Amino acid sequence: MASVSKQIRKSSKLKRKLLGSIFALSLAVPTIGFAADDVGYTGDEVEATPYTGRGAIPTYKITKADGQPEIEVANQNRILQVDGKFFRDANGNNSLDGYEDWRKPIPERVADLVGKMSLEQKAGMMYINTHTPEQDPADGKFVTPENSKIVTEKGLRYVIYRLSQNLGDIANYNNQMQQLAEGLPLGIPVVITSNPRNSQSTDYTNITNVTDQHTFWPGTLGLAAARDVAAVGEFANIAREEWRAAGIRKVYGYMADVATDPLWARIEETFGEDPKVVGDMNYQIIKGFQTDKLGPDSVSITVKHFPGGGARMDGKDPHFADGSFNIYPTEGSLLKYHIPPFQKAISAGVTSVMPYYAYPENDSAEQGLKHYSDTEQFEEVAMGLNAGILNFLRSPKNEGGLGFTGYVNSDSGAISSRAFGYLDKTEPEKVAKAIKAGTNIISGGSTPEYVIEAVNSGLLDESKVNESITYTLSEMMTLGLFEDPYVDPAEAIAVANNAEHRAKAYKAHQKSVVLMRNDKIKGEKLLPLKENKLKDVKLYVEGFVGVAAPNGNKDPNYVKDNSAKQSVAFTADLKNTLKEKFPNITLVDNIDEATLAYVYVKPTQSNWDNNPRIGIDETTGITEVDRIVEIQKTVPTITAINFTNQWLINKIEPNAAAVIGTFGTQQEAVFDVITGKFNPVGKLPFAIVASEDALSREVGDVPSFAPEEIPDFAYVNKSGNKYEYGFGLSYNQGKAVGKPDHAGETGKPGHADETGTPDHANKNK
């Protein structure tokens, strides 16, 4: 542990001081809107249906050939032929303009286009916001005059797509959007963006394992648990093919945040608590999606949330005023633990970086960055408006910065309703400060009038707007959208249903399973349940699935009622899966008839609750804890727990006969491990918190294995095993045959005791 002089504890005095300042802020700005567009909530979604071909539009294509890129348009008159080559006549003037000439260097093309744009058109390019199409149109028109006004009237060309439809529908939606943009002045195409969409998610785009949708992978924590860096690159390459085929060309993700506060609801979206693993995984994600060099086959990545969202106070998230600051109690923790994953992302060539909403708190310990002033370590304004933080991101490495040369994309609403530390300013003032600080595109609004007012009033020089849109227009051209923004829905469906890809996704599910306990029953380890054991087993199964209330839902009974419904539905689905996939397992409907039980526990908390909690109880949708314990005491019970956080497992762990950790994992893959079809190789991507007391004392800005963390952080089971970072059992424990390099690793990694910026922080790979 660090000495008291080097570490600010999360004392009640500090909390009172911080909450007091937030209270004063709330008096000045009594209402902070949390509209769906602002925060990126998925909203009510229709269930994904099989592709039917609805919404398809005709297009005209010039096939790619030597010295000729593919050209595709919705209006045949937009194809130009000059000197035996074909071009897209983006502005429809029947002549070849500089920005339309793919033979020219992209900087020259962009400069020509910027010179043709009015301030109004430039201002529209400064924003990205959610576009919600018709979800289930009988006439196939996803894009209508009413829902597309952010493009036609506001001039936006970057939009966020949040639905979970089949890939054919998404492809036709893209084509309709591109057809719309093709008919507007200058013909600038649309960039469709999405949060990650290849796994389960509590609060963001969510899919299941169905035909015609994206391949279904374990969550990011599951990928981290597998510790297979090469497989993550393979995942990203497969996902890129799916996204590219459907027309989604930019990812709002992945997260390079390090999970250092166990209460934070967004840990679910991270790669865990080890900065090196987080960095290595992000490197592979970026290389897989963007390819080695960004081009027409790439999907651009926006890594988030700079300079690291994991350093929270009691899990409070900066979507909300009482979580609006980053606090660093430990000296140097920012550079040592939170920045290295972003260094890795930059070395991979990431296109864009997203700062978080929070401002850096001056009550933090010394972090080693250039000070804001003689008396303040930081300017206490939100990261997207914070020149000091963004200068550190962009400054060359030889000047102490990170050397990032891409563009900065604000978080949704971060320059308006969540411009913390600057909320008393006018909207044009916020916009001007953000752009001058280094933000290049503003998310969560459709208000180009603020940019126009900022320029016309002298708050902002138009040259800064030109600089920003040069980044985004260059990205569009590099992605090939000015030549061919259209996609083939048949190809999108074929990619989605690729059997080899789905097999690789399933293998990732198997690798993500962590065997945490495996007790002896009658002198023999309970697991695996191979055929010789199964013949005598009568298995009782039951699921306990927590549900989070949708954003804004205030019904006090919602969680209880819907968790009960989901638990019943899960149990029925599991029984059907086992009957189909594991016919050698005898199922019973009554615990009194059983010789063995399987219990699946899925606690849930939503970030939108603004109520961080990790107890397994009614607050996380698990209303029948006593029932779980009763089952465990009746027959030997395999207890699987889905970890989106480091849940407090004190009530449901001690009486289990075996404990399994899952991370958005398919149940079939879990039973492959239970029955010995797959030897477990997963390792915990974070430590499990020992108790409420340990939770109250943990530091908050360092990993559990850090020397600065409390020594008794991790839960210890009755066998004396710590559920620490990297812990995981296997059936061939200690045997070399078939064991991956990391199979025997437990506890803290070798780099845990490094001081200062770790050696791996600046490595390119």
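Mentor: P307 lies in the loop between β9 and β10 (325-326); helices (H or I, at least four residues) and strands (E, at least two) are DSSP runs, numbered from the N terminus. Before we go on, keep in mind that this is a predicted model, where local features need pLDDT of at least 70 and side-chain atom pairs count only at pLDDT 80 or more, while totals for chains, interfaces and linings use all residues. Residues are numbered from 1 along each chain as its sequence is written, and side-chain values use heavy atoms, with hydrogens and water left out.

Back to that proline: the peptide bond joining F306 and P307 is cis, with omega at about 0 degrees. There is another cis bond to look at, from K304 to H305, again with omega near 0 degrees. H305 belongs to strand β9 (residues 300-306). Most peptide bonds are trans, and most residues other than glycine have a negative phi.

On the phi side, two residues are worth a click. D83 isn't a glycine, yet its phi is positive, about 55 degrees. You'll find D83 in the loop between β3 (79-82) and β4 (85-88), and D83 is exposed at 67% relative accessible area; the cut-offs are under 20% for buried, over 50% for exposed and partly exposed in between, with a 1.4 Å probe and protein chains only. N94 is the other one: a non-glycine residue with a positive phi near 65 degrees. N94 sits in the loop between β4 and α3, and N94 also counts as exposed, with 62% relative accessibility.

Two packed helices are described by the angle between their axes and the distance between the axes. Helix α3 (residues 106-116) packs against helix α15 (residues 462-478) at about 125 degrees, the axes being 9 Å apart; axes are lines fitted to C-alpha atoms, for helices over the stretch in contact, and angles run from 0 to 180 degrees between N-to-C directions. The pair α3 and α15 is therefore oblique, since under 35 degrees is roughly parallel, over 145 roughly antiparallel, 65 to 115 roughly perpendicular and the rest oblique. Their crossing is right-handed, that is, the near helix is turned clockwise from the far one by less than a right angle, with anticlockwise being left-handed. From α3, the contact (heavy atoms within 4.5 Å) uses I106, R109, V110, L113 and V114, and α15 answers with N466, I469, T470, L473, S474, M477 and T478. Sorted by class, that makes seven nonpolar, four polar and one charged residues; Ala, Val, Leu, Ile, Met, Phe, Trp, Tyr, Cys and Pro count as nonpolar, Asp, Glu, Lys and Arg as charged, and the others, Gly among them, as polar.

Now try α8 (residues 229-246) with α9 (residues 275-290): about 35 degrees, axes 7 Å apart. Here too, α8 passes α9 in a right-handed crossing. On the α8 side you have V229, V232, G233, F235, A236, N237, A239, R240 and W243, facing D280, M281, Q284, I285, G288 and F289 of α9. That contact splits into nine nonpolar, four polar and two charged residues.

Last stop, the sheet. Six strands form an open sheet with mixed pairing, in the order β15-β22-β21-β20-β18-β19; strands pair if DSSP finds at least two bridges between them. β15 (514-518) and β19 are the edges, each pairing on one side only. β15 runs antiparallel to β22 (residues 658-662) over four bridges, with V514 opposite G661. Strand β18 (residues 538-545) has seven of its eight residues buried, so the rest of the structure largely encloses it. β18 pairs in parallel with β20 (residues 596-602) over seven bridges, G543 standing opposite Y600. Two bridges link β18 to β19 (residues 586-587), also parallel, and K538 stands opposite T586 there.

α19 (residues 558-581) packs on it, touching β18, β19 and β20, at about 145 degrees to β18. α21 (residues 667-674) lies across β18, β20, β21 (637-642) and β22, at about 140 degrees to β20.

Zooming out, the chain has 22 helices and 22 strands, and 62% of its 765 residues count as buried. Of the contacts between residues at least 6 apart in sequence, 75% join residues at least 24 apart.
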